Amino acid sequence: KLHDFLDRRDRFHVMLLFVPMLLTAALEMLSVGLIVPVIQVVAVNGDIGAIPYLSKFLPAMPASQVLPTVAGAFVAVFAIKNAALLTLAYVINRVIYAKLAVFSTRMFSIYLDQPLTFHLGRNSADLLRNLTTGGNRAFEAIRIAMMLALELLLTLATVALLLAVEP
């Protein structure tokens, strides 16, 4: 019933997070796909003539410059991918905790709007517990589900790339 903790607009915001997740999965595919060319360049000592598909992407350059260029591209893609993953984790946490703050505020307002007889018949510790832990647990579950979805997308992207290259 985690779905019930979010209204329609909030569910849209959470679903919108899947767009950067897909982009990050594409970066993951690119970074994994670059491993083989780097290994091949190292194996042939920078002679890109021995690697036909790589000579299409790299201009004619001395063999001494090929390895630093390919390794630099490899490191740059990994740095960009990891920065994207870090940013995405930050955005997911920020969105989920912002939704938690709105939810807690709504719950508090609902409790304050109740008649006096409601408060006289309830233990105030139960009301405080519901305000502080009930929403936290639900939104923590949503956050964990989003992070799990991200990891699943990254795994699927890696498996898809590996199956495409070497079925």
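These legends describe views of a predicted model. Local features need pLDDT of at least 70, side-chain atom pairs count only at pLDDT 80 or more, and totals for chains, interfaces and linings use all residues. Residues are numbered from 1 along each chain as its sequence is written, and side-chain values use heavy atoms, leaving out hydrogens and water.

**View 1. The fold has seven helices and zero strands.** Helices are DSSP runs of H or I with at least four residues, strands are E runs of at least two, and both are numbered from the N terminus. From that end, the order is α-α-α-α-α-α-α. The radius of gyration of the protein chain, 25 Å, is well over the 15 Å that the globule rule gives for 167 residues, so the chain is more spread out than a compact globule. The radius is taken over C-alpha atoms; the rule is 2.2 Å times the number of residues to the power 0.38. Along the principal axes, the C-alpha atoms fill a box of roughly 85 × 30 × 25 Å.

**View 2. The largest nonpolar core holds 19 residues.** A nonpolar core is a set of buried Ala, Val, Leu, Ile, Met, Phe, Trp, Tyr and Cys residues joined through side-chain atoms within 4.5 Å. Buried means under 20% relative accessible area (1.4 Å probe, protein chains only). M21, I92, I96, F139, I142, M146 and L150 touch the most other members. Helices α2 (18–33), α5 (63–112) and α7 (124–165) each give two or more residues to this core.

**View 3. I92 and its contacts.** Contact means heavy atoms within 4.5 Å. Leaving aside neighbours within four places in sequence, I92 contacts L17, M21, R143, M146 and M147.

**View 4. A second, separate core has eight residues.** Among them are I48, I51, L58 and V66.

Definitions and conventions:
Buried means under 20% relative accessible area, exposed over 50%, partly exposed in between (1.4 Å probe, protein chains only).
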